[in-house]
Amino acid sequence: MNMKKILVTGGLGFIGSHTVVELQNEGFDVVIIDNLSNSSLDVLQGITSITGKAPIFEKLDLKHKYSVKEFFKTHSDIVGVIHFAASKAVGESVEQPLMYYENNLNTLIYMLDEVCNLASSNFIFSSSCTVYGQADEMPITENAPVKPAESPYGNTKQIGEEIISDVCRVNSNLNAISLRYFNPIGAHKSAKIGELPIGVPQNLVPFITQTASGLRDFLSVFGNDYPTPDGTCIRDYIHVVDLAKAHVVALQRLLKGGNEANYETFNVGTGVGSSVLEVIQSFERVSGLKLKYQFAERRSGDIITAYANTDKANSKLGWTSKSTLDEAMLSAWNWEKKIRGL
Ligand code: WQD
């Protein structure tokens, strides 16, 4: 059996593509499934250009249970799965809850049903700090209570974790890890892959870079009257390559049998909280530009503060984030300039 064959679903997405690069750098053979609903084949070219190795790619919609079964008949020698494929726009999920529950949960169920039948059942789930809601204590540990989700998107991550936990409880051969991402930002240093938001970006950093490149007139800072030092919300912004590397070490933990239980969760962040204004100041520092922004009303559903306690990932995964906020913001800006031809 090829002990290096890994399936990455959603592997042409923002975090997925960066994870495929790091998997290939570690010598894994990668198979990507993506339905191209929120990505393009250009990303496959970018990955191949960076690593010199073309992943196997299959365009497949994981909502089609039969197609998923057929896929695993062909690829029964997969030894690990990293499951990114999901819809992830918080606002959209409020408008279209059923689309989110179908796309994020049915696909997870079909995947798990097949993974449990593999000879080597190792599964990494793309979860999110959104499961904590507004945590009571900072930094947030993995033991912080999961709070009622603020959106159907967040609910799919909570329910997804519960589904995996329940399946692991009755399938001792299944080994799974949920990685709870904080705020992924930035791009690969080559500027050959990065974040490609469709339409008007919902997230802060792509909106900043698109404002600086002239695509947006100005950035609206959603609220400066929060109970924080400068009045703006605080988040834990982690470089997407550091986040990608966390997936590789989590997978290696399972492949080596180093996990202490067959279901574990890990926070993946920097452990540092940065306010919206501090992110803007970081961008201005690294770009040498003055960003056009204005204060606006608070955005409904926003929490005030979230940053990770990363002790568990540091000690048990032997992983820690390496990049500073400035390095992440510079990589985001270099990517923006590349795709805008600046
Ligand atoms: C960060 C801060 C905004 C845009 C979301 C998802 C989370 C995860 C990461 C998937 C907030 C402020 C933003 C803007 C602004 N996604 N902001 N002007 O909301 O922390 O997390 O993305 O897993 O699940 O909820 O990230 O980048 O949208 O916002 O002022 O134009 O920037 O109010 O304080 P968020 P974000």
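**View 1. Strand 8 gives the shell around the ligand its largest share, 4 residues.** This is a predicted model, where local features need pLDDT of at least 70 and side-chain atom pairs count only at pLDDT 80 or more, while totals for chains, interfaces and linings use all residues. Residues are numbered from 1 along each chain as its sequence is written, and side-chain values use heavy atoms, with hydrogens and water left out. Strands here are DSSP runs of E with at least two residues, helices are H or I runs of at least four, and both are numbered from the N terminus.

**View 2. Who sits around the ligand?** There are 19 residues around the ligand, counted when one of their heavy atoms lies within 4 Å of it. Tyr 153, Leu 204, Ser 220, Arg 235 and Asp 302 come nearest. Sorted by class, the shell has 10 nonpolar, 6 polar and 3 charged residues.

View 3. Polar contacts are pairs of N or O atoms within 3.5 Å. A side-chain N or O atom of Asn 183 is 3.0 Å from a ligand oxygen, and a polar side-chain atom of Ser 128 lies 3.4 Å from one. Phe 222 uses a backbone N or O atom, 2.9 Å from an oxygen atom of the ligand.

**View 4. Ser 121, in strand 5 (residues 121–128).** Ser 121 is buried at 3% relative accessible area (buried means under 20%, with a 1.4 Å probe and protein chains only). Its side chain reaches the backbone oxygen of Leu 118 at 3.1 Å. Leaving aside residues up to four places away in sequence, Ser 121 touches Val 115, Cys 116, Asn 173, Leu 174 and Asn 175, with heavy atoms within 4.5 Å.

Methods: Buried < 20%, exposed > 50% of the residue type's maximum accessible area, 1.4 Å probe, protein only. Polar contact = N/O pair within 3.5 Å; in protein donor to acceptor, adjacent residues only side chain to side chain. Nonpolar A, V, L, I, M, F, W, Y, C, P; charged D, E, K, R; others polar.
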